[in-house]
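Morning, everyone. Please bring up the sequence and the model, and I'll walk you through them.

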Amino acid sequence: LAGEPAIPEMWDIVGGRKKIFRAAIVVGTLIPILATALFAWAIVGVSGSATSPEAIEGLRGLLGTRIITLGAVAGLLAILTSYLVIALYMQEMLRYDFLVKRTPAWAGALSVPLLIFSIGAHNFIAVIDIIGSVLFGIEGIIILAAAVLILRRKKTASRNVKITIAVIVGLCFALGVLQKLI
């Protein structure tokens, strides 16, 4: 669901057509939600109470080792590609928004999971959980803060309602980040 890095490129692809852009965001959000729900439903439906935290191991008794290995490889590739996309986004943000040179920007973008692993977090699922919750929560707060700044400049009737909603959602993100860190 963390598709924010794609938004500027989507805008370029649709050529500034707002209706197509909005539809693409809605569809691009619904597809991963539905795919994740379908995956969870299928895993829990097949393995029931034997469902494991990483989803695949609980299927070993039912599907055999070869299918589990194939699923593990597919999962690893999905995580690696997601990691590279997020690292590229972070590297570009460091370079263009904070004027960090290319090599240090790449080092910074690639080092976060390695740093977390080196300080003792060896449970892969826990590391993904922490990184996702904290980084995407902070990113959501930053996006909402930018939206509030834009909304404050507009003189529309619904401006105050939108700002209030953004602040409430931002506070929810902040509480989620704090809860995960605690």
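Let's begin inside helix H2. Its buried residues are Phe21, Ile43 and Ser47. Buried means under 20% relative accessible area, exposed means over 50%, and partly exposed lies in between, with a 1.4 Å probe and protein chains only. Helices are DSSP runs of H or I of at least four residues, strands are runs of E of at least two, and both are numbered from the N terminus.

A word on the source. This is a predicted model, where local features need pLDDT of at least 70 and side-chain atom pairs count only at pLDDT 80 or more, while totals for chains, interfaces and linings use all residues. Residues are numbered from 1 along each chain as its sequence is written, and side-chain values use heavy atoms, with hydrogens and water left out.

Back to H2. What do its buried residues pack against? They pack against helix H1, residues 7-13, and helix H3, residues 60-63. Contact here means heavy atoms within 4.5 Å. H2 runs over residues 18-47, which is 30 residues. The expected span of a helix is 1.5 Å times one less than its number of residues. For H2 that should give 44 Å, and its end C-alpha atoms are 44 Å apart, so the two agree. Just after H2, Gly48 takes a positive phi of about 55°.

Buried or partly exposed? Ile20 is partly exposed, because its relative accessible area is 41%. From Ile20 to Glu57 is 37 residues along the chain, and their C-alpha atoms are separated by 41 Å.

Step back to the segment before H1. Pro5 is found there. Its relative accessible area is 22%, so Pro5 counts as partly exposed. Pro5 and Glu54 sit 49 residues apart in sequence and 26 Å apart in space, C-alpha to C-alpha.

Now the whole chain. How many helices and strands are there? Seven helices and zero strands. Along the sequence the pattern reads α-α-α-α-α-α-α. The C-alpha trace spans about 60 × 40 × 40 Å along its principal axes. The chain has 182 residues, and 18% of them count as buried. Take the contacts with a separation of 6 or more: residues 24 or more positions apart account for 37% of them.

Next, helix H5, residues 102-118. H5 has 17 residues and reaches 24 Å from first C-alpha to last, close to the 24 Å expected. But there is a bend. Where is it? H5 bends by about 45° at Ser111, and a proline, Pro113, follows within four residues. That angle is taken between axes fitted to the seven residues ending at a residue and the seven starting there.

The buried residues of H5 are Ala105, Ala109 and Ile116. Their cover includes helix H4, residues 65-98, and H6. Ala107 is also in H5. With a relative accessible area of 45%, Ala107 is partly exposed. Ala107 and Ala2 are 105 residues apart along the chain, with their C-alpha atoms separated by 22 Å. Just after H5, Gly120 takes a positive phi of about 120°.

On to H7. It has 23 residues and reaches 33 Å from first C-alpha to last, close to the 33 Å expected. Arg159, Ile163, Ala166, Gly170 and Val177 are buried in H7, and what covers them includes H6. Val169 and Ile141 are 28 residues apart along the chain, and 8.3 Å separates their C-alpha atoms.

Last stop: the second largest pocket. On a 1 Å grid over the protein atoms alone, a cavity is a set of points where a 1.4 Å probe fits but cannot get out; a pocket is an open set with protein on both sides within 12 Å along at least five of seven lines, and lining residues have an atom within 4 Å of a point. The volume of this pocket is about 190 Å³. Grid points are joined across faces, edges and corners, and a volume is the space filled by probe spheres set on the points.

Which helix gives the most to the lining? H6, with seven residues. H6 (124-153) and H7 (159-181) each supply at least two. Lining residues include Glu4, Phe136, Glu139, Phe173 and Val177.

Thanks, that's the tour.
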